[in-house]
Amino acid sequence: MKRLVCSVLFVCLLLTGCSASGEWLKEPVTFYYVRENYEKDMEQVVVPEVREAAGHREDLSYLLALYSMGPSQEDLQMLFPRNTTILPTERTQLSVELTLSENTQTMTDVDFTLASACLAMTCMELIDVQQVTVVSGDRNITIREDNLMLYNSIVQKPQEETK
């Protein structure tokens, strides 16, 4: 009987929208970050994190500022350097251009691309766009929704044994 009551309470908590921290998310948004130490295990590199945006769901500048503060989960990281400013500089119905502060120009191309992919996935979740361009000085990258590979399903064939 005790198990039944606990199970019912657990299901009720899930259905009412309580998160693991006990807070009810009234206006949740999804941000994407890189998993800590992703280089060692490439299985799940980009991970979503749900955050509260009460009263700011439609304010892209606010949400990008919140995103640039980094993840709240300890096992996630943002590859952009600390104090990176992300500003929406141009927006159309299907695309958005984001300009980053100068401190991002020192990033390696790999880190810049991966961080930009996380930022693009975040923007595609926050606003209904199909294309995100990230600009950092003379370097820019455009990521389209239809070209963004979220899951690698290629299976390597085992090599034949040589005799």
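Is D109 buried or exposed? D109 counts as exposed, because its relative accessibility is 55%, where exposed means over 50% relative accessible area, buried under 20% and partly exposed in between, with a 1.4 Å probe and protein chains only. The model is a predicted one, in which local features need pLDDT of at least 70 and side-chain atom pairs count only at pLDDT 80 or more, while totals for chains, interfaces and linings use all residues. Residues are numbered from 1 along each chain as its sequence is written, and side-chain values use heavy atoms, with hydrogens and water left out.

D109 forms a salt bridge with R139, and their closest N and O atoms are 2.9 Å apart; a salt bridge here is a side-chain nitrogen of Lys or Arg within 4 Å of a carboxyl oxygen of Asp or Glu. This pair links distant parts of the chain, since D109 belongs to helix α3 (residues 109-126) and R139 to strand β7 (residues 139-144), 30 residues apart. Helices (H or I, at least four residues) and strands (E, at least two) are DSSP runs numbered from the N terminus. R139 is buried, with a relative accessible area of 16%.

By this rule the count comes to three salt bridges. Another of them joins the side chains of R144 and D146 at 2.6 Å, N to O; R144 is partly exposed at 37% relative accessible area, and D146 is exposed at 55%.

The side chains of E49 and R51 also meet in a salt bridge, at 3.0 Å from N to O. E49 counts as buried at 1% relative accessibility, and R51 counts as buried at 13%. Both belong to strand β2 (residues 46-52), whose covered face holds V47, E49 and R51, while V46, P48, V50 and E52 make up the uncovered one. Strand β2 runs antiparallel to strand β1 (residues 28-35), and seven bridges join them, two strands being paired if DSSP finds at least two bridges between them. Y32 has P48 of β2 as its bridge partner.

Elsewhere, the second largest pocket has a volume of about 180 Å³. On a 1 Å grid over the protein atoms alone, a pocket is an open set of points where a 1.4 Å probe fits, with protein on both sides within 12 Å along at least five of seven lines, and lining residues have an atom within 4 Å of a point. The lining consists of S68, M69, G70, P71, M78, F80, P81, R82 and N83, and these residues divide into five nonpolar, three polar and one charged.

Technical notes. Grid points are joined across faces, edges and corners, and a volume is the space filled by probe spheres set on the points. Ala, Val, Leu, Ile, Met, Phe, Trp, Tyr, Cys and Pro count as nonpolar, Asp, Glu, Lys and Arg as charged, and the others, Gly among them, as polar.
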